[in-house]
Amino acid sequence: MENIEEVKIQDTVVTAENLPETASKGRNNKGGKPFNKDGKKPSQRAPRREESDMDKKVVSVRRVTKVVKGGRTLRFSALVVVGDKKGKVGIGMGKAKEVSLAIEKATTVAKKNMQPISMVNGTIPHEITGKFSTTNILMLPAKEGTGVIAGGAARSVLELAGITNIVTKIHGSTNKINCVQATLNGLLSVRTKEEVARRRGKSVDEI
(Lines give C-alpha, C1' and ligand atoms only; values in the text may rest on other atoms or scores of the structure.)
Protein backbone atom coordinates (compact mmCIF):
# COMPACT_ATOMS: atom_id res chain seq x y z
CA MET A 1 0.00 0.00 0.00
CA GLU A 2 2.83 2.40 0.73
CA ASN A 3 4.21 2.03 -2.79
CA ILE A 4 0.81 2.81 -4.28
CA GLU A 5 0.44 6.03 -2.28
CA GLU A 6 3.90 7.20 -3.34
CA VAL A 7 3.02 6.72 -7.00
CA LYS A 8 -0.17 8.78 -6.65
CA ILE A 9 1.72 11.63 -5.02
CA GLN A 10 4.27 11.77 -7.86
CA ASP A 11 1.57 11.97 -10.59
CA THR A 12 1.14 15.54 -11.84
CA VAL A 13 -1.56 17.15 -13.95
CA VAL A 14 -0.33 18.57 -17.27
CA THR A 15 -1.43 22.22 -17.73
CA ALA A 16 -0.54 25.07 -20.08
CA GLU A 17 2.06 26.32 -17.60
CA ASN A 18 4.10 23.12 -17.34
CA LEU A 19 3.48 21.96 -20.94
CA PRO A 20 6.77 20.71 -22.44
CA GLU A 21 8.42 22.93 -25.06
CA THR A 22 8.24 20.19 -27.70
CA ALA A 23 4.46 19.95 -27.29
CA SER A 24 3.83 23.71 -27.43
CA LYS A 25 6.18 24.36 -30.33
CA GLY A 26 4.46 25.49 -33.51
CA ARG A 27 1.23 26.63 -31.79
CA ASN A 28 -0.04 30.11 -30.99
CA ASN A 29 -0.78 31.45 -27.52
CA LYS A 30 -4.46 30.54 -27.75
CA GLY A 31 -3.79 26.91 -28.62
CA GLY A 32 -5.06 27.30 -32.17
CA LYS A 33 -3.74 25.86 -35.41
CA PRO A 34 0.03 25.82 -36.02
CA PHE A 35 1.68 28.65 -37.91
CA ASN A 36 2.97 28.39 -41.48
CA LYS A 37 6.66 28.15 -42.26
CA ASP A 38 6.84 31.93 -42.76
CA GLY A 39 5.37 32.56 -39.31
CA LYS A 40 1.96 33.68 -40.58
CA LYS A 41 -1.45 32.23 -39.92
CA PRO A 42 -3.13 30.39 -42.80
CA SER A 43 -5.69 33.19 -43.12
CA GLN A 44 -2.90 35.78 -43.53
CA ARG A 45 -1.35 34.09 -46.55
CA ALA A 46 -1.09 36.44 -49.52
CA PRO A 47 -3.19 35.42 -52.55
CA ARG A 48 -1.28 33.82 -55.38
CA ARG A 49 -0.87 35.80 -58.55
CA GLU A 50 -1.94 34.14 -61.75
CA GLU A 51 1.09 33.65 -63.93
CA SER A 52 0.47 34.75 -67.49
CA ASP A 53 2.69 35.19 -70.51
CA MET A 54 0.35 37.78 -72.02
CA ASP A 55 1.53 41.32 -72.61
CA LYS A 56 -0.80 44.27 -72.90
CA LYS A 57 -0.60 47.85 -74.07
CA VAL A 58 -3.05 50.65 -73.36
CA VAL A 59 -3.47 52.38 -76.71
CA SER A 60 -5.79 55.18 -75.58
CA VAL A 61 -7.86 56.38 -72.65
CA ARG A 62 -10.60 58.87 -73.45
CA ARG A 63 -13.03 60.81 -71.31
CA VAL A 64 -16.55 60.37 -72.61
CA THR A 65 -19.74 62.12 -71.52
CA LYS A 66 -23.23 60.69 -71.70
CA VAL A 67 -26.14 63.13 -71.58
CA VAL A 68 -29.12 61.79 -69.62
CA LYS A 69 -32.28 63.30 -68.19
CA GLY A 70 -30.62 64.18 -64.89
CA GLY A 71 -27.57 65.77 -66.52
CA ARG A 72 -24.23 64.52 -67.81
CA THR A 73 -22.42 61.42 -66.62
CA LEU A 74 -18.65 61.36 -66.97
CA ARG A 75 -16.95 58.03 -67.76
CA PHE A 76 -13.67 56.81 -69.24
CA SER A 77 -13.18 54.64 -72.31
CA ALA A 78 -10.03 52.54 -72.68
CA LEU A 79 -8.63 50.71 -75.71
CA VAL A 80 -6.26 47.82 -74.88
CA VAL A 81 -4.28 45.40 -77.05
CA VAL A 82 -3.26 42.01 -75.63
CA GLY A 83 -0.87 39.51 -77.22
CA ASP A 84 1.60 36.74 -76.46
CA LYS A 85 4.17 37.79 -79.12
CA LYS A 86 3.91 34.28 -80.55
CA GLY A 87 1.17 34.76 -83.13
CA LYS A 88 -1.91 35.59 -81.05
CA VAL A 89 -3.36 39.05 -80.50
CA GLY A 90 -6.67 40.62 -79.48
CA ILE A 91 -8.16 44.05 -78.89
CA GLY A 92 -10.82 45.21 -76.46
CA MET A 93 -12.63 48.30 -75.24
CA GLY A 94 -14.09 49.05 -71.84
CA LYS A 95 -15.96 51.88 -70.16
CA ALA A 96 -16.15 52.72 -66.46
CA LYS A 97 -16.27 55.61 -64.04
CA GLU A 98 -12.60 55.06 -63.18
CA VAL A 99 -9.63 54.67 -65.50
CA SER A 100 -8.33 51.53 -63.80
CA LEU A 101 -11.70 49.78 -64.06
CA ALA A 102 -12.02 50.75 -67.72
CA ILE A 103 -8.58 49.29 -68.49
CA GLU A 104 -9.42 46.12 -66.58
CA LYS A 105 -12.65 45.65 -68.53
CA ALA A 106 -10.90 46.27 -71.84
CA THR A 107 -8.17 43.76 -70.96
CA THR A 108 -10.74 41.08 -70.17
CA VAL A 109 -12.50 41.65 -73.48
CA ALA A 110 -9.21 41.61 -75.39
CA LYS A 111 -8.17 38.26 -73.87
CA LYS A 112 -11.49 36.73 -74.90
CA ASN A 113 -11.10 38.02 -78.47
CA MET A 114 -7.55 36.79 -79.10
CA GLN A 115 -7.04 35.30 -82.58
CA PRO A 116 -4.10 33.58 -84.32
CA ILE A 117 -2.02 35.46 -86.89
CA SER A 118 -0.10 33.90 -89.80
CA MET A 119 3.60 34.83 -89.83
CA VAL A 120 6.77 33.71 -91.60
CA ASN A 121 10.16 34.45 -90.03
CA GLY A 122 8.89 37.40 -88.03
CA THR A 123 7.01 39.09 -90.88
CA ILE A 124 3.88 38.61 -92.97
CA PRO A 125 4.09 36.28 -96.00
CA HIS A 126 2.65 38.75 -98.51
CA GLU A 127 1.38 42.28 -99.03
CA ILE A 128 -2.05 43.03 -97.53
CA THR A 129 -4.33 46.02 -96.99
CA GLY A 130 -6.40 46.18 -93.82
CA LYS A 131 -9.63 48.17 -93.89
CA PHE A 132 -11.98 49.47 -91.22
CA SER A 133 -14.39 52.36 -91.64
CA THR A 134 -12.48 55.16 -93.40
CA THR A 135 -9.03 53.81 -92.49
CA ASN A 136 -6.85 51.76 -94.84
CA ILE A 137 -3.47 50.45 -93.78
CA LEU A 138 -1.03 48.98 -96.27
CA MET A 139 1.31 46.35 -94.82
CA LEU A 140 4.37 45.09 -96.66
CA PRO A 141 6.69 42.21 -95.67
CA ALA A 142 10.25 43.26 -94.82
CA LYS A 143 13.60 41.51 -94.50
CA GLU A 144 15.42 40.83 -91.27
CA GLY A 145 16.70 43.98 -89.55
CA THR A 146 14.06 46.35 -90.88
CA GLY A 147 12.09 46.56 -87.65
CA VAL A 148 8.49 47.63 -87.17
CA ILE A 149 7.82 50.75 -89.22
CA ALA A 150 4.33 51.77 -88.15
CA GLY A 151 2.37 54.38 -86.24
CA GLY A 152 1.72 54.16 -82.51
CA ALA A 153 -1.68 52.49 -82.66
CA ALA A 154 -0.76 50.00 -85.41
CA ARG A 155 2.63 49.31 -83.79
CA SER A 156 0.96 48.01 -80.64
CA VAL A 157 -0.93 45.33 -82.57
CA LEU A 158 2.06 44.31 -84.69
CA GLU A 159 4.53 44.04 -81.81
CA LEU A 160 2.20 42.10 -79.50
CA ALA A 161 1.38 39.73 -82.36
CA GLY A 162 5.09 38.88 -82.60
CA ILE A 163 5.92 40.62 -85.89
CA THR A 164 9.43 42.07 -85.85
CA ASN A 165 9.92 43.24 -89.44
CA ILE A 166 7.21 45.06 -91.42
CA VAL A 167 6.53 48.31 -93.26
CA THR A 168 3.13 49.99 -93.03
CA LYS A 169 1.41 53.08 -94.37
CA ILE A 170 -1.95 54.43 -93.17
CA HIS A 171 -4.37 56.11 -95.59
CA GLY A 172 -7.51 57.92 -94.50
CA SER A 173 -8.54 58.46 -90.90
CA THR A 174 -5.84 58.17 -88.23
CA ASN A 175 -8.29 57.54 -85.42
CA LYS A 176 -6.63 55.10 -82.99
CA ILE A 177 -9.63 52.80 -82.78
CA ASN A 178 -9.90 52.63 -86.57
CA CYS A 179 -6.16 52.05 -86.99
CA VAL A 180 -6.05 49.22 -84.46
CA GLN A 181 -9.09 47.50 -85.96
CA ALA A 182 -7.84 47.96 -89.54
CA THR A 183 -4.44 46.50 -88.61
CA LEU A 184 -6.06 43.48 -86.98
CA ASN A 185 -8.37 42.94 -89.97
CA GLY A 186 -5.40 43.01 -92.31
CA LEU A 187 -3.41 40.50 -90.23
CA LEU A 188 -6.38 38.14 -90.07
CA SER A 189 -6.59 38.18 -93.88
CA VAL A 190 -3.00 37.00 -94.32
CA ARG A 191 -2.52 33.41 -95.53
CA THR A 192 0.66 31.38 -95.82
CA LYS A 193 1.44 29.02 -98.70
CA GLU A 194 0.70 26.01 -96.54
CA GLU A 195 -2.72 27.36 -95.59
CA VAL A 196 -3.64 28.14 -99.19
CA ALA A 197 -2.50 24.70 -100.35
CA ARG A 198 -4.48 23.03 -97.58
CA ARG A 199 -7.66 24.87 -98.54
CA ARG A 200 -7.23 23.95 -102.23
CA GLY A 201 -6.34 20.36 -101.50
CA LYS A 202 -2.98 20.62 -103.22
CA SER A 203 0.66 20.55 -102.24
CA VAL A 204 2.82 23.66 -101.86
CA ASP A 205 4.78 22.80 -105.04
CA GLU A 206 1.60 22.68 -107.14
CA ILE A 207 0.63 26.26 -106.31
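K85 is partly exposed, with a relative accessibility of 47%. The model described here is predicted. The side chain of K85 meets that of D55 in a salt bridge, with 3.8 Å from N to O. This pair links distant parts of the chain, since D55 belongs to strand β1 (residues 55-68) and K85 to the loop between β2 (71-83) and β3 (88-96), 30 residues apart. D55 is also partly exposed, at 32% relative accessible area.

**Salt bridges**

The count of salt bridges comes to three. They are listed below with the distance between nitrogen and oxygen.

| Salt bridge | N to O distance |
|---|---|
| D55 and K85 | 3.8 Å |
| K57 and E159 | 2.5 Å |
| R155 and E159 | 3.3 Å |

K57 and E159 form a salt bridge. That pair links distant parts of the chain, with K57 in strand β1 and E159 in helix α4 (residues 152-161), 102 residues apart. By contrast, R155 and E159 both lie in helix α4, four residues apart, or about one turn of the helix. K57 has a relative accessibility of 30% and so counts as partly exposed. R155 is partly exposed at 30%, and E159 is partly exposed at 25%.

**Two threonines**

Is T183 buried or exposed? T183 is buried because its relative accessible area is 0%, and buried means under 20%. T183 lies in helix α5 (residues 176-188), and its side chain reaches the backbone oxygen of C179 at 2.7 Å. Apart from neighbours within four places in sequence, T183 is in contact with I137, M139, A154, V157 and L158.

T123 sits in the loop between β4 (115-116) and β5. T123 counts as buried, at 9% relative accessibility. A polar atom of the T123 side chain lies 3.3 Å from the backbone nitrogen of A142. With neighbours within four places in sequence left aside, the contacts of T123 are P141, A142, I163 and N165.

**A sheet and a surface patch**

Four strands form an open sheet in the order β5-β6-β8-β7, with mixed pairing. Its edge strands, β5 (128-132) and β7 (148-149), each pair on one side only. Strands of a sheet pair through backbone hydrogen bonds, in a parallel or an antiparallel sense. β5 and β6 (residues 135-141) are antiparallel and pair over five bridges. F132 has T135 in β6 as its bridge partner.

V58, V61 and V99 make a nonpolar surface patch of about 190 Å². V99 lies in helix α3 (residues 99-112) and is partly exposed, at 33% relative accessibility.

Note on methods
Residues are numbered from 1 along each chain as its sequence is written. This is a predicted model: local features need pLDDT of at least 70, side-chain atom pairs count only at pLDDT 80 or more; totals for chains, interfaces and linings use all residues. Side-chain values use heavy atoms; hydrogens and water are left out. Patches are made of residues with over 30% relative accessible area and no salt bridge: like charges are joined within 9 Å, nonpolar side chains (Val, Leu, Ile, Met, Phe, Trp, Tyr) within 5 Å. Accessible areas come from the Shrake-Rupley method with a 1.4 Å probe; for residues, only the protein chains shown count as cover. A salt bridge is a side-chain nitrogen of Lys or Arg within 4 Å of a carboxyl oxygen of Asp or Glu. Buried means under 20% relative accessible area, exposed over 50%, partly exposed in between (1.4 Å probe, protein chains only). A polar contact is a pair of N or O atoms within 3.5 Å; within protein, one must be able to donate a hydrogen and the other to accept it, and residues adjacent in sequence count only if both atoms are side-chain atoms. Contact means heavy atoms within 4.5 Å. Two strands pair if DSSP finds at least two bridges between them.
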